[in-house]
There are 2 protein chains.
Amino acid sequence: MKKVAIGIDIGGTNTVLGIVDKEGKVISESSIPTKTHPDYTIYMTALVEAVNTLLDPVRGDVEVVGMGVGAPNGNYYNGTIEFAPNLKFKGVVPVVDFLRQKFDYPHIILTNDANAAAIGEMIYGGARGMKHFIMITLGTGVGSGIVVNGEMVYGHDGFAGEIGHTIVDPNGRECGCGRNGCLETYTSAPGIKRTVFELLATMTDPSELRNISFNELSAKRIDEAARKGDAIALEAFDYTGEVLGLKLADAVAHTSPEAFFLFGGLANAGELIFEPVRHYLEENVLNIYKNKVKVLPSELPASDAAVLGASALVWKEKGSDNQ
Amino acid sequence: MKKVAIGIDIGGTNTVLGIVDKEGKVISESSIPTKTHPDYTIYMTALVEAVNTLLDPVRGDVEVVGMGVGAPNGNYYNGTIEFAPNLKFKGVVPVVDFLRQKFDYPHIILTNDANAAAIGEMIYGGARGMKHFIMITLGTGVGSGIVVNGEMVYGHDGFAGEIGHTIVDPNGRECGCGRNGCLETYTSAPGIKRTVFELLATMTDPSELRNISFNELSAKRIDEAARKGDAIALEAFDYTGEVLGLKLADAVAHTSPEAFFLFGGLANAGELIFEPVRHYLEENVLNIYKNKVKVLPSELPASDAAVLGASALVWKEKGSDNQ
C-alpha cells in the first residue's frame with residue numbers, strides 16, 4: 001500500500017487539507033472555513049469529519065503514516081495553538097491531543113506555518129540535502145523557520161524562529177504585535193504598501209500609484225507599476241530589499257545558514273525583490289560571511305505549499321525515528 | 001589514572017594553557033606570549049613545547065583525553081584560525097593539523113573563544129542541563145556562543161554565533177570590522193567608553209568623568225563612578241543595557257533560549273548592567289517570549305574561564321561519542 005501523510009494548514013480564513021505522498025504529490029485536497037468556528041471543539045469536529053471525508057475514497061489504497069498541522073502560533077512541543085492573534089478561538093487550543101483521540105496514526109505533529117514551510121522546503125524543495133538554512137515567508141505577515149544541523153530550531157519553548165518580529169527600528173512603524181518597528185511592518189505585503197505611502201510623501205516623482213487610495217493599493221499593483229518603470233514602486237522594492245537584507249545579515253550572524261529561501265506573495269516579484277535583498281545582505285554581512293550565503297526562491301509550488309509543508313512534518317519525524 | 005583535558009586559549013597578547021579534570025579543576029596552568037611569534041610555525045612549536053613542559057610533572061598520574069583550543073576566528077570544522085584581525089599571523093592557520101602531528105590524543109578540537117566559553121558554561125557552569133542558551137562575552141569585543149538542542153551552533157561554515165556583529169544602527173559607530181553600528185561598538189568595554197563621551201557632550205550634569213581623557217578612561221573607572229551615583233556613568237550603563245536588551249530580544253526571536261549568560265569585564269559590573277539588560281530585553285521581546293528568558297551571570301571563575309572553556313570542548317566531544 002502507498003504510504004501517505006495528511007497535511008493540514010490552518011489559516012485565518014480557511015483550513016486546507018490534503019493527502020500527500022512521500023514525493024510531494026498531492027493526491028487529493030479539500031478545505032473548510034476556519035473563521036466560522038469560534039469554539040474550537042466545533043471547529044475541530046468539523047476538521048476531523050473533513051479528514052475522514054477526504055480519506056474515504058482512498059482508504060483501501062493508502063497507509064496513513066501520520067498527520068502534520070501547520071498553524072499560526074503553533075507550538076511543536078505542546079501540540080497546541082497558543083494565543084494566535086488572527087484566529088477566532090482564543091487562548092490555548094490542544095489540537096494534537098484532540099486529533100489523537102480521533103486518529104491513531106504514529107505521528108501527529110503541529111508546528112507554526114513558517115516552520116512547516118521550512119520542513120516542506122527540506123523534504124520536497126530546494127533545501128533537500130541542506131543542513132543549515134532559513135525559510136522566510138513574505139505574506140500578510142513575515143514568518144521564518146530556522147534549520148540547524150538538519151533539524152528545525154524550536155528553542156526552549158517551541159516558539160523559536162520569529163525573524164519577522166526582530167526589530168528594525170524601536171521607534172519605527174506600529175506592528176500588530178503591539179511593538180514598533182518589527183521587520184514584518186516593512187517587508188510583508190502590507191509593509192511594502194506602507195513604504196509606498198511614505199515615498200509618495202517624500203518623493204516628487206509622478207507615479208500611477210498617486211491615484212490609488214491606501215485601502216485600494218495592493219502589493220500586486222506595486223509589482224505591476226514597478227515592471228512599467230514607476231519610480232516610486234521601484235524605490236519601494238529597493239527599500240524593502242534594503243530592510244530585509246539588513247535583518248538577514250543579522251540572521252547570518254546567528255546561525256550562519258547556507259541559504260535563505262524566500263516564499264510568499266512578495267517573493268513572487270522575482271528579481272524586483274531578490275536583487276536588492278542579495279545586494280543589501282552582502283553590503284551588511286560581516287566579512288567572514290561574504291559571498292557565501294545564497295538567497296533563493298522557494299521551490300514549493302505556491303498553490304500547494306501550505307499543505308505540502310504540513311505533510312512534510314510527518315516525513316521529517318518519521319525520518320528521525322529511523323536514524 | 002585520572003582523566004584530564006588540556007585547554008588552550010589563544011589570545012591577542014598571551015596564550016594560556018592548563019590541565020583540567022572533568023569537574024573543572026585546573027591542575028596546572030602556564031602561558032606563553034602570542035604576539036612575539038608572527039610566523040605561526042615558530043609560535044606553534046613554542047606552544048607544543050609549553051604543553052609538554054606542563055605535562056612533564058604529571059605524566060605518570062593522568063590520562064590526557066584530548067586538547068581543546070579557543071581562539072579568535074577559530075573554525076570548528078576546519079580546525080583553523082582564519083583571518084583573525086587581532087593576531088599577528090595572517091591568513092589561515094592550520095592549528096589542529098599541526099597539533100595532530102605532535103600529539104595522538106583522540107580529541108583535538110578548536111573553536112572560537114566565545115563558543116569555548118559557552119561550552120565551558122555548559123560543562124562546568126550555570127548552563128549545566130540547559131538545552132538552549134546563549135553565552136555573551138562582553139570584553140574588548142562582544143562575542144557569543146549559541147547552543148540549540150544541547151549542541152553548539154557552528155552553522156554552514158563554522159562561524160555561526162557573531163551576535164556582537166549584528167547591527168544596531170547601519171549609520172552608527174565605526175566598528176573594527178569595517179562596518180558601522182555593530183552591537184560590539186556599544187556594549188564592549190570600549191563601547192561604554194564611547195557612550196560616556198557621547199553623554200558628556202549631550203548631557204550637562206557634572207561628572208568626575210569630565211576630568212578624564214578618552215585614552216585614560218576605562219570601563220572600570222565608569223563602574224566606580226556609577227557606584228558613587230555619577231549621573232553620566234549611570235546613564236551610560238542604562239544605555240548599554242538598552243542596546244544589549246534590544247539585540248538580545250532579536251536573538252530570542254531566532255533561537256528562543258532558556259537563558260543568556262553574560263561574561264567578561266562589563267558583566268562584572270553586576271546589577272549596574274544586568275538590571276537594564278533585563279528591563280530592556282523584556283520591553284523589546286515579542287509577547288510570546290515575555291517573562292521566560294533568564295539573564296544570568298556566567299558561573300565560570302573569571303581567572304580560569306578561557307582555559308576551562310577550551311578544555312570543556314574535549315569533554316563535550318567525548319560526551320557526544322558516547323551517545
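**Overall architecture and chain pairing in a predicted two-chain model**

The model is a predicted one, in which local features need pLDDT of at least 70 and side-chain atom pairs count only at pLDDT 80 or more, whereas totals for chains, interfaces and linings use all residues. Residues are numbered from 1 along each chain as its sequence is written, and chains are lettered from A and ligands numbered from 1 in the order in which they are written.

The C-alpha trace of chain A spans about 65 × 45 × 35 Å along its principal axes. Chain A contains nine helices and 13 strands; these are DSSP runs numbered from the N terminus, with helices (H or I) of at least four residues and strands (E) of at least two. Of the 323 residues in chain A, 52% are buried. A residue is termed buried if 20 or more other C-beta atoms lie within 10 Å of its own, exposed if 12 or fewer do, and partly exposed in between, the C-beta atoms being placed from the backbone. Among the contacts in chain A with a separation of 6 or more, 65% are made by residues 24 or more positions apart; a contact requires C-beta atoms, placed from the backbone, to lie within 7 Å.

Chain A is divided into domain 1 (2-125 + 302-321) and domain 2 (133-297), with bounds that come from an automatic or database domain assignment. The C-alpha centres of domain 1 and domain 2 of chain A lie 27 Å apart. Their contact takes 15 residues from domain 1 of chain A and 14 residues from domain 2 of chain A. On the domain 1 side, helix H3 (residues 113-124) of chain A supplies the largest share, eight residues. This side of domain 1 of chain A comprises nine nonpolar, four polar and two charged residues. In this division Ala, Val, Leu, Ile, Met, Phe, Trp, Tyr, Cys and Pro count as nonpolar, Asp, Glu, Lys and Arg as charged, and the others, Gly among them, as polar.

The contact between the two chains takes 36 residues from chain A and 35 residues from chain B. Strand E10 (142-148) and helix H7 (231-255) of chain A are the elements that give two or more residues to the side of chain A that touches chain B. H7(A) gives the most to this side, with seven residues. The residues on this side of chain A divide into 17 nonpolar, 13 polar and six charged. Of the interface residues of chain A, 97% are also interface residues in chain B, so the copies meet through the same surface.

Chain A can be laid on chain B with an RMSD of 0.0 Å by a turn of 180 degrees and a shift of 0.0 Å along the axis. The two copies are thus related as by a two-fold rotation axis. The C-alpha of A:His254 is the nearest to the axis in chain A, at 3.8 Å. Superposition is by least squares on the C-alpha atoms of residues with pLDDT of at least 70 in both copies.

The largest nonpolar core has 215 residues, and those with the most contacts inside it are A:Ala233, B:Ile136, B:Ala233 and B:Phe263. Such a core is a set of buried Ala, Val, Leu, Ile, Met, Phe, Trp, Tyr and Cys residues joined through C-beta atoms within 7 Å. Apart from its neighbours within four places in sequence, A:Ala233 is in contact with residues including A:Val196, A:Leu209 and A:Ile222.

Individual positions were also examined. A:Ser311 is found in helix H9 (residues 305-321) of chain A and is buried, with 36 other C-beta atoms within 10 Å. Residues up to four places away in sequence not being counted, A:Ser311 touches A:Ala5, A:Ile6, A:Gly7, A:Gly18, A:Val20 and A:Gly68. A:Asn291, in the loop between helix H8 (271-284) and strand E13 (294-297) of chain A, has a positive phi of about 60 degrees although it is not a glycine. With 7 C-beta neighbours inside 10 Å, A:Asn291 counts as exposed. In chain B, phi of B:Asn291 is likewise positive, near 60 degrees. A:Gly270 lies in the loop between strand E12 (259-263) and H8 of chain A and counts as exposed, with 11 C-beta neighbours inside 10 Å.
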